[in-house]
Amino acid sequence: MVLFAVTRVVYNLCVHPLRNFPGPIHMRASVFPYLYKEMTGTLSDDILDLHRRYGEVVRVAPHELSFANAAAWDDIYSQKQNLGRDTRFYSVPEKHLASVDLQKGNIVRRALQPGFSERSRREDRKSTRLNSSHANISY
């Protein structure tokens with residue numbers, strides 16, 4: 001057990017594909033500091049401090065990077081690039097929005113898309129106002 005933990009830490013620091021990204025050594029070595037910060041509610045503030053210290057890209061856990069550049073959102077979450085999806089994170093049923101198979105995920109996405117249109121949101125606001133006035137809820 002101890003040998004496995006030591007091997008994992010050495011792998012995360014020396015061999016892992018994200019090894020060259022900056023970040024505190026304890027967070028690059030193990031996921032436990034990240035989990036602790038998340039459980040104590042300090043993670044977002046700590047990540048902000050890390051960005052101030054290390055720059056726009058910070059390794060906050062062995063398998064996780066944090067980006068402080070708005071342009072990174074387009075690069076990462078854009079539907080235009082077909083980068084594929086890592087099956088470790090997207091091992092969900094086939095017909096799901098986050099499906100590993102992008103074509104099957106697109107089927108679900110197209111079915112849900114009308115619900116997020118501007119027209120749908122306006123109708124939802126009207127419905128919410130009617131329901132809230134009926135229930136005597138004031139804003």
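Among contacts between residues at least 6 apart in sequence, 37% join residues at least 24 apart in this protein. The model is a predicted one.

## Overall layout

The protein has seven helices and two strands. Read from the N terminus, the order is α-α-α-α-β-β-α-α-α. The protein has 139 residues, and buried residues make up 20% of them. Its accessible surface comes to about 10900 Å². Carbon and sulfur atoms account for 59% of that surface.

Strand β1 covers residues 57-61, and strand β2 covers residues 64-67. How do they run? β1 and β2 are antiparallel, and four bridges join them. Together they form a hairpin, with two residues between the strands.

Two pairings show how the strands line up. Alanine 61 stands opposite glutamate 64 in β2. Arginine 59 has leucine 65 of β2 as its bridge partner.

Is β1 mostly covered or mostly open? β1 is mostly covered, as four of its five residues are buried.

## The nonpolar core

In soluble globular proteins, nonpolar side chains tend to be buried together. Here, the largest nonpolar core has eight residues. They are Met27, Tyr34, Leu43, Ile47, Leu50, Val58, Val60 and Ala61. Helix α4 and strand β1 are the elements that give two or more residues to this core.

Isoleucine 47 is one of the core residues. Leaving aside residues up to four places away in sequence, isoleucine 47 touches Val60 and Ser66. Val60 belongs to the core as well.

Helix α4 spans residues 43-54, and histidine 51 lies in it. Is histidine 51 buried or exposed? Histidine 51 is buried, because its relative accessible area is 13% and the cut-off for buried is under 20%.

Which residues does histidine 51 touch, apart from those up to four places away in sequence? The answer is Glu56, Val57, Val58, Ser66, Phe67 and Ala68. Val58, one of these contacts, is also listed in the nonpolar core.

## Two salt bridges

Side chains of opposite charge can pair when their charged atoms come close. The structure holds two salt bridges.

| Side chains | Distance, N to O |
|---|---|
| Lysine 37 and aspartate 46 | 3.2 Å |
| Arginine 52 and aspartate 49 | 3.0 Å |

Lysine 37 counts as buried, because its relative accessibility is 18%.

Now turn to arginine 52 and aspartate 49. Both are in helix α4, three residues apart, so about one helical turn separates them. Arginine 52 is exposed, with a relative accessible area of 62%. Aspartate 49 counts as partly exposed, at 42% relative accessibility.

Helix α1 runs over residues 2-14. Val2, Val6 and Val10 form a nonpolar patch on the surface. Together the three valines have about 270 Å² of accessible area. Valine 6 has its place in helix α1. At 46% relative accessibility, valine 6 counts as partly exposed.

Asparagine 12 is also placed in helix α1. Is asparagine 12 buried or exposed? Asparagine 12 counts as buried, because its relative accessibility is 2%.

What does asparagine 12 touch, not counting residues up to four places away in sequence? Its contacts are Arg19, Arg28, Ala29, Arg59 and Pro62. Among them is Arg59, the residue that has leucine 65 as its bridge partner in β2.

How far apart are asparagine 12 and isoleucine 25? In sequence, 13 residues separate them. In space, they are 9.8 Å apart, C-alpha to C-alpha.

Technical notes: Residues numbered from 1 in each chain as written. Predicted model: local features only at pLDDT ≥ 70, side-chain atom pairs only at ≥ 80, totals over all residues. Heavy atoms only, no water. Buried < 20%, exposed > 50% of the residue type's maximum accessible area, 1.4 Å probe, protein only. Contact = heavy atoms within 4.5 Å. Areas by Shrake-Rupley, 256 points an atom, 1.4 Å probe, with all protein chains shown as cover. Salt bridge = Lys/Arg side-chain N within 4 Å of Asp/Glu carboxyl O. Core = buried A, V, L, I, M, F, W, Y, C linked by side-chain atoms within 4.5 Å. Patch = residues over 30% accessible without salt bridge, like charges linked within 9 Å, V, L, I, M, F, W, Y side chains within 5 Å. Pairing = 2+ DSSP bridges.
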